[in-house]
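User: Hi! Could you take a look at this model with me? I have a few quick questions.
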Amino acid sequence: MRLEALSVTPEQFAPLIEELRFRYHKWDAYVGGVLRVLPCALVLSGAEHSDAVDTCVRLHGAFERAGRQLSREPAWMDRLGIPRAVQQIIGAEKPCPYGIVRYDLIPTASGWMVPEVNEDAPGGFNESIASGPLFGAYLNGYAIAGDFGQSFLDALPPGRRAGLVYATGYAEDLQHVLILADLLQACGVKPILGSPGHLTCGPLGRPRLHGEPVDWIFRFFPGEWYGYLDNLRAWCRTAARIPIVNPLSRLLRQTKGLFALWREHPLVEEGDTQLLNRYTPHTEFFRKDRVDAYLGQRESWALKKLFGRMGDTVTLGRLCTPEQWEKSVAEAAKAPEIWLAQHAFSPSPVIGGARRLFPALGVYLINGAFAGYYSRADELGLTTHEAYYVVTAIETP
Amino acid sequence: MWSPLLKPLEWLGKIRLPFMRTRTGTVVGGPREPDALGTYEWQAFLDARALSRVWGPHGHSPWMPFHCVTLFVSLEYMNYGIQKVIGPCAQDPWPLKNFHLPAWVDASVLLVVDLPGPKSAAVGAALAIAGCDLVCTFNNWPYSGALVKPEQTLAALLRYASLLDKKRTAYATPGPVAWLCDNTRLGNRPGKPGEFDNRYYIEDSIIPGPNYLRERDISKIIYITGPDIKVQNDIKGHLHFLKTAGLELYYAVALDTGSLGGPKPLNIEELKFSTTGFFRSSAGGFGAPVPHPSSGG
């Protein structure tokens, strides 16, 4: 895997960014006045591409089996911090094969590492959909693998009216939903946008968003926030009647607590456990009696909340001062039930010219099949919303 | 004593009609209003890119990196019916028909138009027709019940969009250029939990540095303010820095007669402005719900 400059001049690149912002709704191309799209491609060999996809498909199977086990056991859901309201919806859900997931693979000296799974609201659609049409011609002959837009359309549940629910106060969520709404509209499916709070469903009636009937729902709303809604009954009825992409049960895999739980309890068969242990860092529920160990080996640990996105609740010991680390550990000790301690690992950088960046190779699976990439790179090895987006390209034979 | 009496009412309040939950969209201007040309051509600008194009820097302008698109892309809400009520504002927020470009606005000038958003838009339209390049700094997201009301600015931007499309002119030089700002951006108070706090401040990245300005032959900064001659706190530091770096600093007043009075030298003390307590959106710009305090220990 390496970083290569796109064959594009600054004069050609500027209109591409404008297109990305306005046509593909990627509004956060600039963060704090800095362009967060690199004029580079993360180039994978054919073998690296096959290995990345194969790894994710196998992991997906193991996570699916683990999730299925979990959904049968309320005590484990409590342990994972799944809100009771969400447990109710999960209990009402009919089996649903639809789902979009993104695995972020971090290269290390010993192979890929997957520190978390993004299956609740896995962002990056805009860039993934735009990558082929915008940057495909500037890849020095390399290819874009997958077609997220087409894979999404090919995998739709039946019906001509889709409800797209998202956190309406967050522009960053709207940009994801709008790109899918564009795709749906173009293929004759009517998208109806709204907040989860706009859903209604009577005892006998159809689920409706803003009063309009919907045949299925695309959910881009963090599962753990469902506890704040006052229309849970409507969600329970809806989950029992129509497909939800992604169903609330996917929250079981989104929580990083799952990584700790299978290390405490034999959730899945031995083969799956070995696979999960091979690709994920050691993770444990935060333990007050281990505070000294966390403090004494700062650089070996990362602290994370059970639920957290975009790196917003991650503290990497190696990136902070002893004082900052002490403060983070003390904060976690106040509410240990929502915190995890995870072994830190050393990501391998990619070098491209004068740049030395740490990549996170984002692999999308839609209904379990490869759908495309959304990769980012940053200078520190901690992927946040300030990381650079970088197109992923594959060497062609 | 009150609690038992209130319980039935509380219970009644929880009853939800199952068939309808209404939208709570933001109202932007009036959909039946004509634009500044007396036409409905504003409808052609209900597209983020189209509106940003007429209000942004010219095609190859050196000011392009400073132009904020946040408020323009908020128009994307409408395409899927979140905001049904949108149109231009009904009247000129400032009488731009009387405007003549003063002789002191020449190629060496950068204007910072810092008035209430709609008024800044009207002054900006007048300046653009006279040849000034434009940079918009409207960097927040509108939302129903939000602390700042950028939808009022958006309605004014729509009012003048078709006019600018037809009448905007350009100098052959980078200057003069006008930075359009909404002087209500800092709000009156911080947001409370559950409120949408879209207050914002002018970031460093929006203001070019002194060398960048000098290389484009800009030597004077003229701050356009209202008759109260109030300089917003977030911009004082920027202006002070530019003055210290050798640029001339003046202020002028946007008079209610549709003219600009001044300019006069502007003396400004250095001020440390705190940028804490503002809510960024990770989609760019500012605006997010204020979180409720954690109930955890």
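User: In which sense do β20(A) and β21(A) pair, and over how many bridges?
Analyst: Strand β20 (residues 355-366) and β21 of chain A pair in the antiparallel sense, over four bridges. Two strands count as paired if DSSP finds at least two bridges between them. Strands here are DSSP runs of E with at least two residues, helices are runs of H or I with at least four residues, and both are numbered from the N terminus. Before we go on, this is a predicted model: local features need pLDDT of at least 70, side-chain atom pairs count only at pLDDT 80 or more, and totals for chains, interfaces and linings use all residues. Residues are numbered from 1 along each chain as its sequence is written, while chains are lettered from A and ligands numbered from 1 in the order in which they are written.

User: Thanks! Which residue stands opposite I366(A) in β21(A)?
Analyst: That is A369(A). The hairpin of β20(A) and β21(A) has two residues between the strands, and N367(A) takes a positive phi near 50° there.

User: Why is β21(A) called largely enclosed?
Analyst: Because four of the five residues of β21(A) (residues 369-373) are buried, the strand is largely enclosed by the rest of the structure. Buried means that 20 or more other C-beta atoms lie within 10 Å of the residue's own; exposed means 12 or fewer, partly exposed is in between, and C-beta atoms are placed from the backbone.

User: New topic. What is the strand order in the sheet with β13(A)?
Analyst: The order is β9-β8-β13-β14 in chain A, an open sheet of four strands with parallel pairing. β9 (190-194) and β14 of chain A are at the edges with a single partner strand each, so one side of each has no neighbour in the sheet.

User: How many bridges join the strands there?
Analyst: β8(A) and β9(A) are joined by five bridges, and G163(A) is opposite I192(A) in β9(A). Strand β8 (residues 161-166) and β13 of chain A also pair over five bridges, with A162(A) opposite W216(A). Between β13(A) and strand β14 (residues 244-245) of chain A there are two bridges; V245(A) is the bridge partner of F218(A).

User: Is β13(A) mostly covered or left open?
Analyst: Mostly covered: five of the five residues in β13(A) (residues 216-220) are buried. W216(A), F218(A) and F220(A) point one way from the strand, I217(A) and R219(A) point the other way, and all are buried.

User: What about helices around it? Which strands does α7(A) lie across?
Analyst: Helix α7 (residues 171-186) of chain A lies across β8, β9 and β13 of chain A, at about 170° to β8(A). Angles run from 0 to 180 degrees between N-to-C directions, with axes fitted to C-alpha atoms, for helices over the stretch in contact.

User: Last one: what does T108(A) touch?
Analyst: Not counting residues up to four places away in sequence, T108(A) touches M113(A), F345(A), S346(A), P347(A) and S348(A). Contact means C-beta atoms, placed from the backbone, within 7 Å. T108(A) lies in strand β5 (residues 100-108) of chain A, and counts as partly exposed because it has 13 C-beta neighbours inside 10 Å. The C-alpha atoms of T108(A) and P349(A) are separated by 8.4 Å, with the two residues 241 apart along the chain.

Conventions
Two residues are in contact if their C-beta atoms, placed from the backbone, lie within 7 Å.
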